[in-house]
Amino acid sequence: MKIATFNVNSLRARIANVLEWLREEQPDVALLQEIKCSDAEFPRLEIEALGYHAESHGQKSYNGVAILSRTPMRIEHRALGGGDADEQARYLEAVVEVPTGERWKQLRVASIYLPNGNPVDSEKYPYKLAWMERLRSHAADLLQLEHPTVLGGDYNVIPTDKDVYDPVGWAGDALALPQTRAKFREILNLGYTEAFNLLHPEGHRYTFWDYQAGAWQRDHGLRIDHLLLSPQAADCLEKCDIDKKPRAKDKPSDHTPIWCELKL
DNA sequence: ATGACAGTTGAAAACTGA
């Protein structure tokens, strides 16, 4: 069972890259962020032609998340609680049916596009922290189910200094501030395992490289896309890795996919 | 010190992103 997350930076602008990635890597579940299109504009036919069920929580121009699954799924939530005035499409949660030999199991997944929060002296940073608290609260509720759950996506959080090429230069950024990291740890401390860090604690492995200033060529990257596993999912974790190939292709997203393999 | 890159909107230049 391969679950991948990929911030595509516009699904319509990236459709060729995304379809090629799906064909080459064959994830069973793909969590997409920054699709930047409404549900009506979602390129459903091309994706379904590759054998995926597709659900989206889209928005015109900005944000937008989606879940692709090879097997049937049902949507559980289209937003986090506690955000009545929040119009931004940043959350989608589904339960996926997983064939495991003689019987089917269920895996809960969420596609998360956590706010960036810059500039930190604007209203955007408190919005980020409030959104993280809403996520923490919901993540706590999900643990009570005691089911395998993967909360994956673009967290816009650099968890530690080993997850950024220039820790000093980024210390005051919304992605790295102590408050941001502490809120992220609060979620982990509920009982979630950050899959990549568990299997690759060495650090300096990135999922994002800015388009500017030759960041990709110089490996000036950030690790901000994460897969958080409930205890029941972490028990099944076999592999986790960052797939740098899509970032090296023509017209790439500035993010690259990260995936994990679960043996449910 | 500044801008550098890419996408969206909408038809130029502003806004957003990380």
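**Entry 1: Arg-185**

I started with Arg-185 and found it in helix 5, which covers residues 178-189. I kept in mind that this is a predicted model. Is Arg-185 buried or exposed, I wondered, or partly exposed? I looked up its surroundings: Arg-185 has 14 C-beta neighbours inside 10 Å, so it counts as partly exposed. Being buried would take 20 or more.

Then I checked a pair. Arg-136 sits 49 residues away from Arg-185 in sequence, yet their C-alpha atoms are 9.8 Å apart in space.

**Entry 2: chain A as a whole**

Next I zoomed out. How many helices and strands does chain A have? I got seven helices and 14 strands.

Of the 264 residues in chain A, 44% are buried. I looked at contacts too: among those with a separation of 6 or more, 68% join residues 24 or more positions apart.

**Entry 3: the core**

Last stop, the largest nonpolar core, which has 70 residues. Which members touch the most others? I noted Ile-3, Leu-32, Ile-67, Val-109 and Leu-227.

I picked Val-109 and left out its neighbours within four places in sequence. Its remaining contacts are Ile-3, Val-29, Leu-31, Ile-67, Ala-94, Val-96, Val-150 and Gly-152. Ile-3 and Ile-67 turn up in that contact list, and they are also among the core residues that touch the most other members.

Notes
Residues numbered from 1 in each chain as written. Chains lettered and ligands numbered in written order. Predicted model: local features only at pLDDT ≥ 70, side-chain atom pairs only at ≥ 80, totals over all residues. Helix = DSSP H or I, 4+ residues; strand = E, 2+ residues; numbered from the N terminus. Buried ≥ 20, exposed ≤ 12 C-beta atoms within 10 Å, placed from the backbone. Core = buried A, V, L, I, M, F, W, Y, C linked by C-beta atoms within 7 Å. Contact = placed C-beta atoms within 7 Å.
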